[in-house]
Amino acid sequence: SDAATRARERARVMVDDDARRAYASNDDLRDAMRRLSASDGACAGISRVVSLGRSTNGEDVRALTIGRGARASDGDDGRGGLRFGFIGNMHGDEPVGREIAMEVGRWVCERATTTRETTSEAETRERALAKRLVNEATLFVVPTVNPDGFAAKTRGNARGVDLNRNFPYTRFSLPKSLSGRASAVGGSAGDNAKREIETALIMRWSEKWAMNGVLNYHEGALVANYPWDGNDDGSTSYSAAPDDATFRYLASSYAQAHPTMSKSAEFEDGITNGAAWYPLWGGMQDWHYVQTGTYSLTVEVDDEKWPSEDKLGAIVAEHVNASIDVCARALFGSVRGFVRDERGAAVVGASIVVGRDSAPVKTDARGFFAKPSEPSTRPVRVVITPPSNKRNVDTITHFVPTIDPTDGASIDVVFTPRSAPPGFLLLRVVAVVAFAVVAFLIRRSARRRRRVSVLSESLVNNVDVEKAIANRRGMTSSRSLSGL
């Protein structure tokens with residue numbers, strides 16, 4: 001395809017520039033991130049380095065944040081806009097993702113900030129895309145989440161736990177028939193019950209930013225893997241997620257943008273459903289999809305684990321273009337917009353469903369949402385449901401005429417209070433008046449009862465009242481008789 005041809009040409013140029021590439025140590029990664037974001041670095045002014053936390057052995061797990069979010073203060077950056085992550089080295093003995101993630105960040109920064117003149121149409125397009133990513137999105141580059149495993153050249157973390165089996169079970173729990181199989185959870189059967197430090201920090205970071213898409217790089221095959229990874233019965237069979245069509249589209253886009261992945265003899269078109277390849281439980285991509293509305297792909301970047309350094313440059317170059325391509329399609333090809341109330345305030349936590357078979361995504365702190373979607377030339381229904389604290393507004397159904405692969409579809413929604421039915425105001429006035437009349441009658445009756453009570457109490461307490469009345473009556477009678 002044309003995409004694959006362009007990918008091969010770009011990869012050839014990148015390999016020529018970096019014929020032999022060495023694996024970066026943990027210290028090398030830290031220094032490289034610092035240099036990129038420094039005042040004289042390629043990412044100067046459009047990036048910052050943040051810490052996600054420390055590993056079991058105390059290594060700092062960092063993210064290079066690039067784009068619109070990197071220019072704002074912490075706690076506010078990136079919200080109200082598109083967000084995408086590149087995550088490497090979840091398994092310590094699979095280090096190529098470290099290099100790919102860093103090269104993706106460098107690719108974006110160099111093309112977004114360069115002022116060098118060019119006559120190349122391809123380079124002009126790349127620069128325009130890089131600038132669009134920087135201006136409209138926030139990119140998170142996390143080259144390693146398992147620095148301890150990398151240092152030891154082991155799959156698991158410092159405690160020997162497979163981090164990609166350590167996330168909470170979401171849609172599927174581990175079938176009872178597999179509870180004794182260590183391979184199902186990547187270690188001992190109880191590994192999923194205790195959250196590892198590295199797993200917890202990735203979860204906190206993911207929940208904070210709720211990225212629209214993520215690429216998670218692994219090794220041991222050449223394929224783009226998509227949810228579901230798990231299923232109910234433990235069988236090796238297709239397990240379709242609600243957004244199966246969108247996941248297939250994104251995975252296929254990656255495979256086609258890579259020079260050789262789509263030509264795989266093992267995987268049709270270079271893609272696979274996770275459970276159809278081999279089922280697993282407690283993986284990150286299923287957890288991302290359910291918990292944060294993130295469309296996550298697991299990209300197996302090479303058949304060989306820890307390939308030799310003389311192959312590294314070519315492998316990295318082949319995956320950078322595919323990574324950028326899928327990132328752009330997931331973000332700019334999404335259905336996105338803002339949800340506000342009648343006063344213009346952001347509606348947080350509204351639920352958005354695109355099409356018929358789709359899991360909902362939620363609006364963020366600024367009322368923004370973005371739902372990666374496969375392209376469509378026909379109208380697509382979008383259902384926006386208010387959060388539970390908005391009881392006086394109705395669910396809104398909207399139709400977008402098309403979903404463009406490079407521009408998606410944009411909608412802005414305003415929730416207005418539910419209008420009163422005819423005669424409702426008159427009934428409300430009558431009810432208020434009736435309530436006032438009843439309240440008045442109750443108060444007047446209460447006052448009368450209090451007066452009678454006071455008089456009764458006086459009669460009981462004054463024992464001479466009746467005698468006084470009788471005496472007075474007798475005196476009056478005597479006077480009348482004497483007058484006669």
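Visitor: At what angle do helix H7 (residues 197-209) and helix H10 (residues 284-291) pack?
Guide: H7 and H10 pack at an angle of about 35°, with their axes 11 Å apart. Helices (H or I, at least four residues) and strands (E, at least two) are DSSP runs, numbered from the N terminus. Axes are lines fitted to C-alpha atoms, for helices over the stretch in contact, and angles between N-to-C directions run from 0 to 180 degrees.

Visitor: What is the handedness of the crossing of H7 and H10?
Guide: The crossing of H7 past H10 is right-handed. Right-handed means that the near helix is turned clockwise from the far one by less than a right angle, and left-handed that it is turned anticlockwise.

Visitor: Which residues make the contact?
Guide: From H7, Ile202, Met203, Ser206 and Glu207; from H10, Met284, Trp287, His288 and Gln291. Contact means heavy atoms within 4.5 Å.

Visitor: What kind of model is this?
Guide: The model is predicted, so to speak by its own rules: local features need pLDDT of at least 70, side-chain atom pairs count only at pLDDT 80 or more, and totals for chains, interfaces and linings use all residues. Residues are numbered from 1 along each chain as its sequence is written, and side-chain values use heavy atoms, with hydrogens and water left out.

Visitor: How many helices and strands in the protein chain?
Guide: 13 helices and 15 strands. The chain has 484 residues, of which 49% count as buried (under 20% relative accessible area; exposed is over 50%, partly exposed in between; 1.4 Å probe, protein chains only). Of its contacts with a separation of 6 or more, 76% are between residues 24 or more positions apart.

Visitor: Back to helices. How do H3 and H11 pack?
Guide: Helix H3 (residues 96-113) and helix H11 (residues 309-332) have axes 9 Å apart and an angle of about 55°. H3 and H11 are therefore oblique to each other; angles under 35 degrees count as roughly parallel, over 145 as roughly antiparallel, 65 to 115 as roughly perpendicular and the rest as oblique. The crossing of H3 past H11 is right-handed.

Visitor: Which residues meet there?
Guide: Among them are Val96, Ile100 and Trp107 in H3, and Leu312, Ile315 and His319 in H11.

Visitor: New topic. How many aromatic pairs?
Guide: Rings of Phe, Tyr and Trp (its six-membered ring) pair if their centres lie within 6.5 Å; planes under 30 degrees apart count as stacked, over 60 as edge-to-face and the rest as tilted. The count by this rule is 15 aromatic pairs. One of these is phenylalanine 172 with tryptophan 228, edge-to-face, at 5.5 Å centre to centre and 90° between the planes.

Visitor: Where do the two sit in the chain?
Guide: Phenylalanine 172 is in the loop between helix H5 (147-152) and helix H6 (182-185), and tryptophan 228 in the loop between strand E6 (221-226) and helix H8 (244-257), 56 residues apart.

Visitor: Buried or exposed?
Guide: Phenylalanine 172 and tryptophan 228 are both buried. They also belong to one aromatic cluster with Phe247, Tyr289 and Tyr295.

Visitor: What about charges over rings; what does arginine 132 sit over?
Guide: Its charged end sits over the ring of phenylalanine 332, 3.8 Å from the ring centre. Lysine 153 lies over the face of tryptophan 306, at 4.7 Å from the ring centre. The criterion is NZ of Lys or CZ of Arg within 6 Å of the ring centre and within 35 degrees of the ring normal.
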